[in-house]
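Open the structure in your viewer and keep the selection panel at hand. The stops below say what to select next and what is there.

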Amino acid sequence: QFGRPMGLFRALKHHMADMFARAEVARGAVYAAGVTLDDPIVGSVERAVAAAKFTAGEAAVENTKEAVQVHGGIGYTWEIDAHLQLKL
């Protein structure tokens, strides 16, 4: 509802928690790739970078889809441009 924080709605809390978890997993993968780039002895640079790219890409697409749903579907998202991220 307008004027109330989104976090007050239990169903939205679950979606936003999932989005946060995906973003944090992606962040960890990117940090791990950065560490591997700095010191290749820790592991395969190619594998770490590929894993980070895949994880971050999947998180971005899934979180954008969730954002569209959390904001009320495509009709409402014309105001916040989340739908444009799905088209890129």
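Select helix α1 and, within it, the residues Leu12, Met19, Ala26, Ala29, Ala33 and Thr36: these are buried. Buried means under 20% relative accessible area, exposed means over 50%, and partly exposed lies in between (1.4 Å probe, protein chains only). Helices here are DSSP runs of H or I with at least four residues, strands are runs of E with at least two, and both are numbered from the N terminus.

Residues are numbered from 1 along each chain as its sequence is written, and side-chain values use heavy atoms, with hydrogens and water left out.

**Along α1**

The expected span is 1.5 Å times one less than the number of residues.

Next, select Thr36, which is found in α1. Is Thr36 buried or exposed? Thr36 is buried, because its relative accessible area is 8%. Its side chain reaches the backbone oxygen of Ala32 at 2.8 Å. This is a polar contact, a pair of N or O atoms within 3.5 Å; within protein, one must be able to donate a hydrogen and the other to accept it, and residues adjacent in sequence count only if both atoms are side-chain atoms.

Which residues are in contact with Thr36, leaving aside its neighbours within four places in sequence? They are Val42, Gly43, Ser44, Val45 and Ala48. Contact means heavy atoms within 4.5 Å.

Select Arg27 and Glu24 and show their side chains. The two meet in a salt bridge, at 3.1 Å from N to O. A salt bridge is a side-chain nitrogen of Lys or Arg within 4 Å of a carboxyl oxygen of Asp or Glu. Side chains of opposite charge can pair when their charged atoms come close. Arg27 and Glu24 are separated by about one helical turn, because they are 3 residues apart in helix α1 (residues 10-38). Arg27 is partly exposed at 40% relative accessible area, and Glu24 is partly exposed too, at 31%.

**Over to α2**

Select residues 45-70, which form helix α2. The buried residues here are Ala48, Ala52, Ala59, Asn63, Thr64, Ala67, Val68 and Val70. The end C-alpha atoms of α2 are 36 Å apart, which agrees with the 38 Å that its 26 residues should span at 1.5 Å a residue.

Gly57 is partly exposed, with a relative accessible area of 34%.

Move to Thr64, also in α2. Thr64 counts as buried because its relative accessible area is 16%. Not counting residues up to four places away in sequence, Thr64 touches Ala82, Gln85 and Leu86.

Where is the charged pair of this helix? Select Lys65 and Glu62, whose side chains meet in a salt bridge at 3.8 Å, N to O. Lys65 and Glu62 are 3 residues apart in α2, about one turn of the helix. Lys65 is partly exposed at 42%, and Glu62 is partly exposed at 30%. The count of salt bridges comes to 2.

After α2, click on Gly72: its phi is positive, near 95 degrees.

**The chain as a whole**

Zoom out and colour by pLDDT, the predictor's confidence in each residue, from 0 to 100. The chain averages 86, and 90% of the residues score at least 70. Confidence is highest in α1, at a mean of 94, and lowest in helix α3 (residues 74-77), at 55. Where pLDDT is low, the predicted coordinates should not be read in detail.

The chain has 4 helices and 0 strands, in the pattern α-α-α-α along the sequence. Of its 88 residues, 20% count as buried.

Terms used. This is a predicted model: local features need pLDDT of at least 70, side-chain atom pairs count only at pLDDT 80 or more; totals for chains, interfaces and linings use all residues.
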